[in-house]
Amino acid sequence: MAIGVFDSGMGGLTVLKALRAQLHQESFIYLGDTARLPYGTKSPDTVKQYAMQMARVLVERGVKVLVIACSTATTAALPHLQQMLPDIPVIGVVAPGAQAAVSVTRNQRIAVIATETTIASEAYQGLILKQLPKAQIATRACSVLVALAEEGMMDNAVAESALKHYLDSFKDEDTLILGCTHFPVFTALLTKILPPEVSIVDPAQATSKALEALLKKQNLQNDTLQNQGSVQYLVTDSIQRFQKVGALFQGQPLLQSDIELIDACNPV
């Protein structure tokens, strides 16, 4: 059985990449809701409805675990999906990312860049403060970065200018959480812009370790494959665009034969 992974578009591919590196023997079904992105500027109720539809599609494909590879959808829908799917483990990216930040910060000054909905939910802030009550957390909604990433503009002057604009208000933070799964594609630019002592936390890496622990705990590992597991991609719009931009996120070409166009509201 495969592991289901979904996101509003391309961003979850950064999570998928980390999951595949950590769990190379597992097979995955990735669903990108490319017809309705971005999720980050929509209301929590709307995102929750979209997430429910995405989950149903993947459950009908027979997945054994569901990974919400989107911070916005995690904040809006994780508890609801866990209740809706009592027989399938459901995890998100926010708790692993928050835990990773708690583990690496030295001065308890942490910055979070994410979408409007994720910042407004205060999910990262709440999880960090539970463990570090004295932590000072600066936040910035950076929805323009999602659009740049979806356009494949990850390492040019426009992206660098946008990052400098969003990071300008941060001062003494020693840890930066990439609170949107689109943002790891800007890591090279962030490393260039930020002081070397700032730790950049990619929740995708932490989520991959959390998923591995969950699979072991519930005895759901795939022990039959000796080589790389397979990946099937589902999109709700434009296979060609997903193939082109998705290759930038994955760092390798995507085959059109591996990408299927679906109607999330009326899945076949």
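These notebook entries record what I looked up in a predicted model.

**Entry 1: strand E1**

I began with strand E1, which covers residues 3-7. I found five of its five residues buried, so the strand is largely enclosed by the rest of the structure. I then asked which residues of E1 lie on each side. Ile3, Val5 and Asp7 are on one side, and Gly4 and Phe6 are on the other. All of these residues are buried, and both faces of E1 are therefore covered, given that buried means under 20% relative accessible area. I noted the general rule that side chains in a regular strand alternate between the two faces of the sheet.

**Entry 2: the partners of E1**

Next I looked up the strands that pair with E1. Strand E2 (residues 28-32) pairs with E1 in the parallel sense, over five bridges. Within this pairing, Val5 has Tyr30 of E2 as its bridge partner. I followed the chain from E1 to E2 and found that it passes through helix H1 (residues 12-22). This β-α-β crossover is right-handed.

Strand E3 (residues 65-68) also runs parallel to E1, and four bridges join the two. Here I recorded Val65 of E3 as the bridge partner of Ile3.

**Entry 3: salt bridges**

How many salt bridges does a search of the whole structure find? The search gives ten. I examined several of them.

Arg36 and Asp33 meet through their side chains, with a distance of 2.8 Å from N to O. I checked the accessibility of this pair and found both Arg36 and Asp33 buried.

Arg106 and Asp174 form another salt bridge, and their closest N and O atoms are 4.0 Å apart. This pair links distant parts of the chain, its residues being 68 apart. Arg106 lies in the loop between helix H4 (94-104) and strand E5 (109-114), while Asp174 lies in the loop between helix H8 (157-167) and strand E7 (175-178). Is Arg106 buried or exposed? Arg106 counts as exposed because its relative accessibility is 54%, and the cut-off for exposed is over 50%. Asp174, by contrast, is buried, because its relative accessible area is 4%.

Glu212 and Lys216 form a salt bridge with closest N and O atoms 3.9 Å apart. I placed both residues in helix H10 (residues 203-217), where they are four residues apart, about one turn of the helix. Lys216 has 52% relative accessibility and so counts as exposed.

I also found a network of salt bridges that links Glu150, Glu151 and Arg241.

**Entry 4: the largest pocket**

I then turned to the pockets. The largest one has a volume of about 230 Å³. Its lining has 15 residues, and those closest to the centre are Lys171, Glu173, Leu194, Pro195 and Val198. Helix H8 and strand E7 each supply at least two residues of this lining. By type, I noted eight nonpolar residues, one polar and six charged.

**Entry 5: the second largest pocket**

The second largest pocket has a volume of about 170 Å³. Which helix gives the most to its lining? I found that H1 does, with four residues. Helix H11 (239-250) also supplies at least two. The lining includes Thr14, Lys17, Ala18 and Ala21, and also Leu248, Phe249 and Gly251. Six of the lining residues are nonpolar, three are polar and two are charged.

Terms used
Residues numbered from 1 in each chain as written. Predicted model: local features only at pLDDT ≥ 70, side-chain atom pairs only at ≥ 80, totals over all residues. Heavy atoms only, no water. Buried < 20%, exposed > 50% of the residue type's maximum accessible area, 1.4 Å probe, protein only. Pairing = 2+ DSSP bridges. Right-handed = clockwise from strand over helix to strand, strands pointing away. 1 Å grid on protein atoms, 1.4 Å probe; cavity = no way out; pocket = protein on both sides within 12 Å on 5 of 7 lines; lining within 4 Å. Points joined across faces, edges and corners; volume = space filled by probe spheres on them. Nonpolar A, V, L, I, M, F, W, Y, C, P; charged D, E, K, R; others polar.
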